[in-house]
Amino acid sequence: TQTNIRTLHSNFSKYRADKSNKVDLSLARQIKVLDRYTTEIRAEAFNAFNHPQFSAPSMAYNNLGIISSQANLSRVVQVSVHIKF
């Protein structure tokens with residue numbers, strides 16, 4: 001058995017991770033319907049270019065440096081319609 005296993009502090013792994021690389025976009029258009037109503041159509045895209053951001057490498061002694069997961073979500077698009085009266 002090994003009795004002299006050295007481990008690094010868990011905060012050290014965040015300095016080895018990639019920086020965030022994502023672009024959020026939104027488009028909005030207001031349309032006047034009759035004289036009383038205004039409609040706003042909005043489309044939003046989070047992480048619009050779908051750039052992956054990998055998690056920090058493992059600092060465990062038995063699998064040092066292995067990246068095993070993704071830290072961010074894939075592209076998310078939402079569309080909404082607001083009617084103001």
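In the predicted model, glutamate 44 is buried, its relative accessible area being 18%. This value falls under the 20% limit that defines a buried residue. Glutamate 44 belongs to strand β2, which spans residues 37–46. A polar contact links the side chain of glutamate 44 to the side chain of glutamine 78, at 2.4 Å. When neighbours within four places in sequence are set aside, the residues in contact with glutamate 44 are Leu25, Ser26, Val76, Val77 and Gln78. Of the strands concerned, β1 comprises residues 25–33 and β3 comprises residues 76–84.

The pairing of β1 with β2 was examined next. These two strands run antiparallel and are joined by nine bridges. Within this pairing, leucine 27 has alanine 43 of β2 as its bridge partner. Three residues lie between the strands in the hairpin of β1 and β2, and in this hairpin leucine 34 adopts a positive phi near 55°.

Leucine 34 is also one of the residues of a nonpolar surface patch. The patch consists of Ile31, Val33, Leu34, Ile41, Val77, Val79, Val81, Ile83 and Phe85, which together present about 940 Å² of accessible area. Strands β1 and β3 each contribute at least two residues to this patch, and the largest share, four residues, is supplied by β3. Valine 33, a patch member, is placed in strand β1. With a relative accessible area of 37%, valine 33 is classed as partly exposed; the value exceeds the limit of 30% applied to patch residues. Val77, another member of the patch, is among the residues in contact with glutamate 44.

Asparagine 50 is partly exposed, with a relative accessibility of 35%. Although asparagine 50 and serine 74 are separated by 24 residues in sequence, their C-alpha atoms are 5.7 Å apart in space. Beyond neighbours within four places in sequence, asparagine 50 is in contact with Ser74 and Arg75. The contact with arginine 75 includes an approach of the asparagine 50 side chain to the backbone nitrogen of arginine 75, at a distance of 3.1 Å.

Key. Residues numbered from 1 in each chain as written. Predicted model: local features only at pLDDT ≥ 70, side-chain atom pairs only at ≥ 80, totals over all residues. Heavy atoms only, no water. Patch = residues over 30% accessible without salt bridge, like charges linked within 9 Å, V, L, I, M, F, W, Y side chains within 5 Å. Areas by Shrake-Rupley, 256 points an atom, 1.4 Å probe, with all protein chains shown as cover. Salt bridge = Lys/Arg side-chain N within 4 Å of Asp/Glu carboxyl O. Buried < 20%, exposed > 50% of the residue type's maximum accessible area, 1.4 Å probe, protein only. Polar contact = N/O pair within 3.5 Å; in protein donor to acceptor, adjacent residues only side chain to side chain. Contact = heavy atoms within 4.5 Å. Pairing = 2+ DSSP bridges.
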